[in-house]
Amino acid sequence: MLASEPPFSEEILSYSVSDFPFSEHVCRFLFDDGHSELPLETLHQLPGFQAKKPRGNSQGERRLNMSPISDAGFREVYHRFLRDFVRLHLGSEVVLFEDSPNLRVHCPDAGRMVGPHIDADYGHSGCEINFWLPLTDSCDTATLWAESSPGRGDFHPFQTRNGQVVRFFGNQCLHFSRENLSGATRISFDFRVIRLCDYPMSGISLAGDSDLARWTLFGFYSVMGPAGLVSRDCWSSVLAASASHSCTNSSPQIRIPALARQALASGSQRPRSLSPKHLQRCAEEFGSGRLARLQCARCSWIAVREQYRKALVYIDASGQELPWVSEPLDPTSPWGLGCVLCHATCRSDLGRDTSAVLPSAYSDFAFASGASGGLLMEALLRHGGNWEVCPGEAHAGWQGHKLALKACGGALTAVATRKSR
């Protein structure tokens with residue numbers, strides 16, 4: 001599991017909305033009929049919203065067909081924010097930045113915008129730093145969810161308000177959205193930044209230098225310096241001037257510092273409720289079994305338990321296929337899910353090859369414990385290598401599970417073996 005240091009870590013930052021009035025310009029971008037003073041959270045209620053409502057898909061995605069960067073007012077504020085806030089926050093005189101940020105409009109009762117993923121899945125550079133900027137108060141299902149460190153599995157919502165921006169390491173931290181059950185529209189935009197000192201190891205090529213590259217400099221990325229935008233003509237001199245400078249915090253090329261073990265919450269000493277009683281209680285609380293499965297991870301797990309115990313498997317030393325996923329064996333422990341291999345490895349001295357199997361929600365049977373929202377099946381499939389789509393060999397949770405598997409004398413399943421080739 002990776003344990004990243006700033007700025008490759010999660011932090012909520014505050015900025016002045018009067019200095020950087022993003023909401024004002026986004027509202028004008030969405031509406032030009034006098035609704036610019038209304039709260040963005042209520043945009044789904046306005047007739048005018050239907051005319052410019054972006055297309056959706058089967059997952060309920062709601063995003064604009066074009067970036068707000070096309071609006072001159074937004075573009076001016078965005079560039080000033082990069083120059084006067086982001087650049088200074090990162091301590092980098094020059095930064096590469098995503099030229100056209102992604103605006104997300106997530107309507108109430110719409111399905112999730114995106115499932116659990118890491119940006120590395122799409123070929124993004126490991127030197128990128130993500131910034132997620134909400135224009136509405138965001139919490140629970142009307143926000144973005146992520147794990148705090150790569151492979152940690154401690155998924156949580158970004159609890160933010162207008163005037164805050166979240167910096168996080170989206171290249172390796174799984175992140176996603178849930179079905180918006182808040183009754184309010186969530187509007188946000190996001191972008192990626194690379195410090196100039198990280199550029200030499202970023203693997204990013206100049207636009208036009210490669211027909212295969214997608215994320216290119218002066219294509220996908222532009223450059224911001226202390227005096228404003230840096231043109232391509234000036235890029236060589238800027239790069240040459242920075243050759244003698246190095247980053248105060250190195251880029252996160254698979255660094256694995258030691259972490260303190262996090263103890264499981266003690267909880268009460270009474271046994272957990274049996275599955276039928278739990279299902280009945282949640283159905284009454286949320287109104288139906290379906291809504292309970294959307295809001296309660298344990299209800300989600302009960303519904304697919306038998307199916308996924310056959311899918312989340314490994315091959316033990318005797319050649320038998322066994323499930324690696326389990327609920328806590330102690331009935332007085334709080335409910336959660338975990339990995340029996342990572343748990344056994346973290347509790348044993350099985351040699352130096354296991355040094356990267358650090359405590360996590362998976363090793364502590366705390367995955368989905370106390371979490372609101374349905375169970376993240378994709379995260380479990382990724383952790384155990386039971387994922388048909390390759391998550392990338394650099395993904396931290398997958399690397400830790402492989403080491404635990406080796407230490408316990410097990411082997412990969414056919415799905416995992418296909419991915420490693």
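This is a predicted model: local features need pLDDT of at least 70, side-chain atom pairs count only at pLDDT 80 or more; totals for chains, interfaces and linings use all residues.
**Describing a helix pair**

Two packed helices are described by the angle between their axes and the distance between the axes. The two pairs below are treated in that way.

| Helix pair | Axis angle | Axis distance |
|---|---|---|
| Helix 1 (residues 22-30) and helix 3 (residues 72-90) | about 150 degrees | 9 Å |
| Helix 5 (residues 275-286) and helix 7 (residues 297-311) | roughly 130 degrees | within 10 Å |

**Helix 1 and helix 3**

Start with helix 1 and helix 3. They pack at an angle of about 150 degrees. Angles over 145 degrees count as roughly antiparallel, so helix 1 and helix 3 are roughly antiparallel to each other. Their crossing is left-handed.

Which residues meet here? Helix 1 brings Phe22, His25 and Val26. Helix 3 brings Gly73, Phe74, Val77, Tyr78 and Phe81. By class, the contact of helix 1 with helix 3 holds six nonpolar and two polar residues, and no charged ones.

**A closer look at His25**

His25 sits in helix 1. Is His25 buried or exposed? Its relative accessibility is 14%. Buried means under 20%, so His25 counts as buried. Leaving out residues up to four places away in sequence, His25 touches Asp71, Gly73, Phe74 and Val77.

**Helix 5 and helix 7**

Now take helix 5 and helix 7. Their axes cross at roughly 130 degrees. That angle makes helix 5 oblique to helix 7. The crossing of helix 5 and helix 7 is left-handed.

On the helix 5 side, the contact is made by Ser275, His278, Leu279 and Cys282. On the helix 7 side, Arg298, Cys299, Ile302 and Arg305 take part. The residues of this contact divide into four nonpolar, two polar and two charged.

**Cysteines**

Cys282 of helix 5 and Cys299 of helix 7 both belong to that contact. How many disulfides does a search of the whole structure find? The search finds zero.

Two further cysteines can be checked for burial. Cys127 has 1% relative accessibility, so Cys127 counts as buried. Cys173 has 3% relative accessibility, and Cys173 counts as buried too.

**In brief**

Helix 1 and helix 3 are roughly antiparallel, while helix 5 is oblique to helix 7. The contact of helix 1 with helix 3 has no charged residues, whereas the contact of helix 5 with helix 7 has two.

Conventions:
Residues are numbered from 1 along each chain as its sequence is written. Side-chain values use heavy atoms; hydrogens and water are left out. Axes are lines fitted to C-alpha atoms, for helices over the stretch in contact, and angles run from 0 to 180 degrees between N-to-C directions. Helices (H or I, at least four residues) and strands (E, at least two) are DSSP runs, numbered from the N terminus. Angles under 35 degrees count as roughly parallel, over 145 as roughly antiparallel, 65 to 115 as roughly perpendicular and the rest as oblique. A crossing is left-handed if the near helix is turned anticlockwise from the far one by less than a right angle, and right-handed if clockwise. Contact means heavy atoms within 4.5 Å. Ala, Val, Leu, Ile, Met, Phe, Trp, Tyr, Cys and Pro count as nonpolar, Asp, Glu, Lys and Arg as charged, and the others, Gly among them, as polar. A disulfide is a pair of cysteine sulfur atoms within 2.5 Å. Buried means under 20% relative accessible area, exposed over 50%, partly exposed in between (1.4 Å probe, protein chains only).
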